[in-house]
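Work through the exercises below with the model open. Try each task before reading its solution.

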Amino acid sequence: MRAQTRQGLRSSTRQQGGRRRRAVSAAAAVAIGVMTLGALAPPAASAAAAARPDAVQQALNTLVRDDGMPAALASVQDRKGRIRSYTAGVGDLTTGSKVPRDGQVRIGSNTKAFTAVVVLQLVGEGKIGLDATVDTYLPGLVRGKGIDGRRITVRQLLQHTSGLPEYGIHVDDDEIRNRYFEPRELLDIALRYKADAAPGTTWGYSNTNYVLAGLIVQKVTGRPLAEEMDRRIIKRIGLRHTYFPAPGEMTIREPHPHGYHRNPANTPLRDFTEMDPSAGWAAGQLISTNSDLNRFFTALLAGRLLPAAQLAEMRTTVPAGTSGLRYGLGLMSRPLSCGGVYWGHGGDIAGYETRGGATDDGRAANVAVTNIPTDEAATQHVKDAVDRALCG
């Protein structure tokens, strides 16, 4: 994964180029094309329309058939709030079980958008200053080679312009899978290394930024980050299938497809469904569904989670890599082939990748696959699926 364009826990899980992955079980190949429609989908279409291949379904089929994804899931919401849910592949390569419609997945760095919302709510309440330094809230904590919390602002944490080094590349996948990390441990790992850049000089994706943002939330509120996130966002807008796993909780609570991981890229898939997600914490620990992510990003853009001033700050972006991607405060914009942009985040964590977001006119789409793509073709196909869903 490249820091400029990927949003997973570790930057070592992606490789550029590479051959497409076609290793998918016979059971997955047979299951390509399974699709279910949400309860709010339109009435049965004409025979001709029903026979016409659906662009989103085709995109998911490609991810399974050509890119070796065990499963792909999508939820699409149109301007009128009507919802369609899609699946392709199999939920479990061992048993060949069906993919649960709108099943729960680990959403990785989409968690950053939730963390940023909590911080910005506290900004609106006058409890945090966007341009206050980290030392204002965590005095003396952030010191290292070229690193000084007296020179790094809260805004720079949320925008990935702090120059702080990434901790995730220094932790092995199997260690992440089985070990519980305290947030301060994650920060300590990062602070062993020199700064990537001076604060405010360049954009550089680092999960360390959001660990610090989470620690600031806890210092200011006196409450656990998970509790604040649940109270301020999840319960407030009715995200019924979204939660922050408790310490030591390695399973996924509701129906879900199994997640698979290969590292290095040329090794067989391993079942990574059960894992300790604490290495992600404020940067990547949440579990959710595609439809809940649609609800979250739609509510966010509609002003239901932030005052207008703080939402405007969140949507103020800087260039982030290539392809027109821009990063705000825990929120990204990406161009659409049909014009305009959509706003979201995206996330990778061993076993799962999610991509998607919402538009200002009420469209929303999120796509999940049950293996982080290891080549550029598969990566692009996930993005294409989102684009087809929003431009269809």
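**Exercise 1: a helix face**

The buried residues of α8 pack against α9 (207-221) and α11 (281-284); contact means heavy atoms within 4.5 Å. This is a predicted model: local features need pLDDT of at least 70, side-chain atom pairs count only at pLDDT 80 or more, and totals for chains, interfaces and linings use all residues. Residues are numbered from 1 along each chain as its sequence is written, and side-chain values use heavy atoms, leaving out hydrogens and water.

Task: list the buried residues of helix α8.

Solution. Step 1: take residues 183-190. Step 2: apply the cut-off for buried, under 20% relative accessible area (1.4 Å probe, protein chains only). Step 3: Pro183, Leu186, Leu187, Ile189 and Ala190 qualify. Step 4: they cover an arc of only 155° around the axis, so they lie on the same side of α8. The arc uses directions from the helix axis to the C-beta atoms.

**Exercise 2: two helices**

Task: find the angle at which α4 and α10 pack.

Solution. Step 1: helix α4 spans residues 111-124 and helix α10 spans residues 225-234. Step 2: the angle is about 80°, with the axes 10 Å apart. Step 3: α4 is therefore roughly perpendicular to α10 (65 to 115 degrees).

**Exercise 3: a strand and its partners**

Task: which way do the residues of β15 point?

Solution. Step 1: Tyr352, Thr354, Gly356 and Ala358 point one way. Step 2: Glu353, Arg355 and Gly357 point the other way. In β16, Ala364 is the bridge partner of Ala358.

Notes:
Buried < 20%, exposed > 50% of the residue type's maximum accessible area, 1.4 Å probe, protein only. Helix = DSSP H or I, 4+ residues; strand = E, 2+ residues; numbered from the N terminus. Axes fitted to C-alpha atoms, helices over the stretch in contact; angles between N-to-C directions. Parallel < 35°, antiparallel > 145°, perpendicular 65-115°, else oblique. Pairing = 2+ DSSP bridges.
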